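These are my notebook entries on a structure that I went through element by element.

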Amino acid sequence: MKRLWDYLVITFENLKIKYKFILFVSAIMCVFLLFTIAGLQYAFTTYDQQIYRKSSQVLSMSSDSVEKELQRIQDISFDIITDSVIMRETVHAKKETNRYEQYGIQTAISDRLSDYVSSEKYIHSIYLIDVTGKTYAAGNSIALSAEEEKARLVEMAAAREGANTWVTADGSNRFLTAARQIRSYENLSMENLGTIVIRVDLAKMVAALPEEWEDTTGNMMMSTGEHVFFSEEDVAPFRSFDFSEQTKQGYSISELNGRRYFVTYVKTSFANWTYWHFIPFDAVFSSITKVKYSIIAAFIVLLLAVIATVIHFTRKITTPIEELVKTMRHIQKGDFAIAETLPPPPRHQDEIGMLHRDFTFMVQRINELIKENYEKQLLVKETEFKALQAQINPHFLYNTLESVNWLAKTNKQTQISQMVESLAYLLRNSVNVKDDIVTIRHEIDLVSHYVTIQKYRFEERLDFHIEVEEEVYDCCIPKLTIQPLIENAIHYALEKIIEPCTITIKAYHQNGAVFVTVEDNGPGMDAQFINKLRRGEVQTRGTGIGLKNIDERTKLFFGEQYGLSIHSVQGSGTAVTVFLPYEKGEKQYVQSVAGR
């Protein structure tokens, strides 16, 4: 996992700026999208819960309304079985009577039952079945449908011993039946006189309830256990639903026959019934779903628009930078002549425009300086050639430099005076071949004069530091060891870059040895070039003393265990270290070739 993360980080770091910016903005937009989706999901979940609460409340109110009406009908059934006319006529019907008397009994009972039917709008019909099996009817139906049904109703009423019982039928039946036994309370005999059967128009009762959702048709159903005894619509499409839910109330989203429904249910204690309401899901949530997906689609469109805008915007920023990078690559190869063909810098005044203008001016200026330097180098070479031809005596040079120094001081030209003094010091030490071994202090003094001259050449581009421990100043070192290393650092580091270059001399004592290091923060060198330096295959400059020469002289004076090492990293800099013994004072060493 860490390797994958490191690979992704490296890949991102190596991307172009415009791709980084596009990925960054896209990531921010995606985070906003996730937060938006999460917020919408939370809002819609809350809304769904509100819908459930509303549906549950409405269904509870509907069930209360139905049960209040059924309770009224149950009260009516009690009124009927205690009605004096009904009681008298049923007692009379048990006796032997002629046809005329039977007609009178039937008329009296039917009229009385008709009064009760008309008193309640949801009563469809009322039947009285006496002990002889004769049926008296009032309402919309003339008689019960079958003898089996009559027997079942009489049996169920008898089981309740005078209490009301509700008899349910199949869900396709729109009616609900109440059955109650008529008993004689005269002399508290509680003799069975017959059975009252009331047919209730449950469909009409449910149709009168308020709609839960405007412009939305649902299906209200009633069940006891798994048995559905009422359904506003055809119960067949809902047969696969599990009606055995035992909790008091709840809701769910179910798919029946390829259609989704929002289902709410409430269980009551009236007759241990469960009221169900099936609402087509699309009818309630289609608009919400459309809003949800519309918001997501709008956000995605916005994301694409933002990315397109970012791409257009980043191109305006990165295109000048890419052109600048191409130009820098030419400059890196030393092709400063491209300065004459550079296009005019952008006119806008932002950082990119300023960078373009400054870089163009810098390259053109460097090109001019290169030309001037080249001309000066030709002049110097010509002067050196003439000086060699003239076989000028070194003492004549010293006297001449002293005269120049005196003249510079007289004219208050401090910089010229310092350069002349440093140059004279370098000439004296270069010509002097008596001492092959000197102290580190002597070498540092020589380097200081050399750097004094170089600082006037490179000015602030040369950042020179000396970090030498006090205890190693008097230690021995081969003559002209540090100065060529400084010269190489200037050549291979300072002159290769445009930015300021830091060159540092470090000398310290550790484990009985002295380490003298010259390091820079230049462009560094590859392994192939370092090998050439070690073999002496690279042409030296200045003093003509190469790294191979320094290494050989160190080994010659102090032994094979000492010498020179190079450590360089491309893009980070180079460090050249001379490993010497920790020895102070003048000692006899093997003479170099120059001293033989």
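**Entry 1: β9 and its neighbours.** I looked up the pairing of β9 in this predicted model and found seven bridges that join β9 to strand β10 (residues 274-280), the two running antiparallel. For valine 263, I noted phenylalanine 278 in β10 as the bridge partner. The two strands form a hairpin with six residues between them, and in the turn asparagine 272 has a positive phi of about 60°.

I then turned to strand β8 (residues 249-256), which runs antiparallel to β9 and is joined to it by eight bridges. Here leucine 256 has arginine 259 of β9 as its bridge partner. The hairpin of β8 and β9 has two residues between the strands, and asparagine 257 takes a positive phi near 55° there.

**Entry 2: β6 and β7.** I next examined strand β6 (residues 219-224), which is antiparallel to β7 and joined to it by four bridges. Threonine 224 stands opposite histidine 227 in β7. Two residues lie between the strands of this hairpin, where glycine 225 takes a positive phi near 65°. As for cover, I found four of the five residues of β7 (residues 227-231) buried, which leaves the strand mostly covered.

**Entry 3: salt bridges.** My search of the whole structure gave nine salt bridges. I followed one network, in which Glu69, Arg72 and Glu120 are linked.

I noted a relative accessible area of 44% for arginine 72, which is partly exposed. Glutamate 120 is buried, at 3%.

I also recorded a salt bridge between the side chains of arginine 88 and glutamate 89, at 3.5 Å from N to O. Arginine 88 counts as partly exposed because its relative accessibility is 49%, and a residue must be over 50% to be called exposed. Glutamate 89 is buried, with a relative accessible area of 10%.

Entry 4: About 150 Å³ of space lies in the largest cavity. Its lining has 15 residues, and the closest to the centre are Asn488, Ala489, Asp520, Met525 and Thr574. The elements that give two or more residues to this lining are α12 (482-492), β15 (513-520) and β17 (573-581). I noted that α12 gives the most, with four residues.

**Entry 5: surface patch.** Last, I looked up a nonpolar patch on the surface, formed by Met1, Leu4, Trp5, Tyr7 and Leu8, with about 680 Å² of accessible area together. Methionine 1 lies in the segment before α1 (2-14). Methionine 1 counts as exposed because its relative accessibility is 83%.

Technical notes
Residues are numbered from 1 along each chain as its sequence is written. This is a predicted model: local features need pLDDT of at least 70, side-chain atom pairs count only at pLDDT 80 or more; totals for chains, interfaces and linings use all residues. Side-chain values use heavy atoms; hydrogens and water are left out. Patches are made of residues with over 30% relative accessible area and no salt bridge: like charges are joined within 9 Å, nonpolar side chains (Val, Leu, Ile, Met, Phe, Trp, Tyr) within 5 Å. Accessible areas come from the Shrake-Rupley method with a 1.4 Å probe; for residues, only the protein chains shown count as cover. A salt bridge is a side-chain nitrogen of Lys or Arg within 4 Å of a carboxyl oxygen of Asp or Glu. Buried means under 20% relative accessible area, exposed over 50%, partly exposed in between (1.4 Å probe, protein chains only). Two strands pair if DSSP finds at least two bridges between them. On a 1 Å grid over the protein atoms alone, a cavity is a set of points where a 1.4 Å probe fits but cannot get out, and a pocket is an open set with protein on both sides within 12 Å along at least five of seven lines; lining residues have an atom within 4 Å of a point. Grid points are joined across faces, edges and corners, and a volume is the space filled by probe spheres set on the points.
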